[in-house]
Amino acid sequence: QPYRHQVENLISFCRMLPVTLLADDVGLGKTISAALILGELMERKRVARALVICPAILGPQWVEELASKFGIIAQFVKGQELNNALERYLVPVVVTTYQTASSRIPKIKPEKFDMLILDEAHKLRNLHGSQNPPQMAQRVRKALESRIFKYVLMLTATPIQNRIWDLYSLIDLLTVAKGHRNPLGTPDEFRARFISDSAGRKLNPFTADDFRGILRQYVVRTRREDAKLQFPERIVETRKLRAGKVEKRMYEMVASEIEQLSALVQISLSQAMMSSPQA
């Protein structure tokens, strides 16, 4: 019962082989679904080694959950450590960051990994529909186009944030990984057929059904209200704590380091530092 929804995602992935975008709402266990899919492919001898690319803050979580829940040994590497992991087989699963993988993914040889998992895949959403697509997204696309991975699984709770182009970019990545032509057409064809405004935020109502039909071939999305999972009641309380000497000193040190940064960066850093006991 706890993993019923994840098993459904596994079945959906098997139907869509070899590529899928898993876009469940936050809290529905996309990481568990991905690990279940990976474990099944390993059990069936389809995958011997996998590469997981994720934000740095999620790296240790991937390693812990793969080991504790599925018995899959993984290693989280950054920087030069990834070079060694690419050359030598040390563990079945290598977990790294987008920043580290950006410059190294073009150098991966076809026989090194069978599967690629892209967590928080919306980081690649600006591949099309903008003047200057991120170099990281371009490099990932080139690697997928070279077909060095047999299976590709992308995870994101926010496949579209501001523009319809976000979805086009993600579908484009999946189709090149599959070796197929993008069913949404070229960027120019997509713009003419499916977009009804210059900003790329409005879907053409006359072709909306066709658009959604194409998405269903690649995207699995479950909303919280559709999952019918029994979440425990959440009780929110405010508890005031008096900071000790260590806490006060740490607060002063952090404040002095980040006060020169923009407000947005300060908020992001604060959230990252307080996101978990490990952080």
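## An exposed methionine

Met274 is exposed, with a relative accessible area of 66%; exposed means over 50%, buried under 20%, and partly exposed in between (1.4 Å probe, protein chains only). You will find Met274 in the segment after α12 (263-273). Helices (H or I, at least four residues) and strands (E, at least two) are DSSP runs, numbered from the N terminus.

Met274 also belongs to a nonpolar surface patch with Leu261, Val265, Leu269 and Met273, and together they have about 430 Å² of accessible area. Areas come from the Shrake-Rupley method with a 1.4 Å probe, and for residues only the protein chains shown count as cover. Patch residues have over 30% relative accessible area and no salt bridge, with like charges joined within 9 Å and nonpolar side chains (Val, Leu, Ile, Met, Phe, Trp, Tyr) within 5 Å. A salt bridge is a side-chain nitrogen of Lys or Arg within 4 Å of a carboxyl oxygen of Asp or Glu.

## A covered strand

Now to β6 (residues 151-155), where five of five residues are buried. Tyr151, Leu153 and Leu155 are on one side, and Val152 and Met154 on the other.

Strand β1 (residues 19-22) runs parallel to β6, joined by four bridges, and Leu22 has Leu155 as its bridge partner. Strands pair if DSSP finds at least two bridges between them. β5 (residues 115-118) also pairs with β6 in the parallel sense, over four bridges, with Leu118 opposite Met154. From β5 the chain passes through helix α6 (residues 135-145) to β6 in a right-handed β-α-β crossover: with the strands pointing away from the viewer, the path from the first strand over the helix to the second runs clockwise.

## About the model

This is a predicted model, in which local features need pLDDT of at least 70 and side-chain atom pairs count only at pLDDT 80 or more, while totals for chains, interfaces and linings use all residues. Residues are numbered from 1 along each chain as its sequence is written, and side-chain values use heavy atoms, leaving out hydrogens and water.
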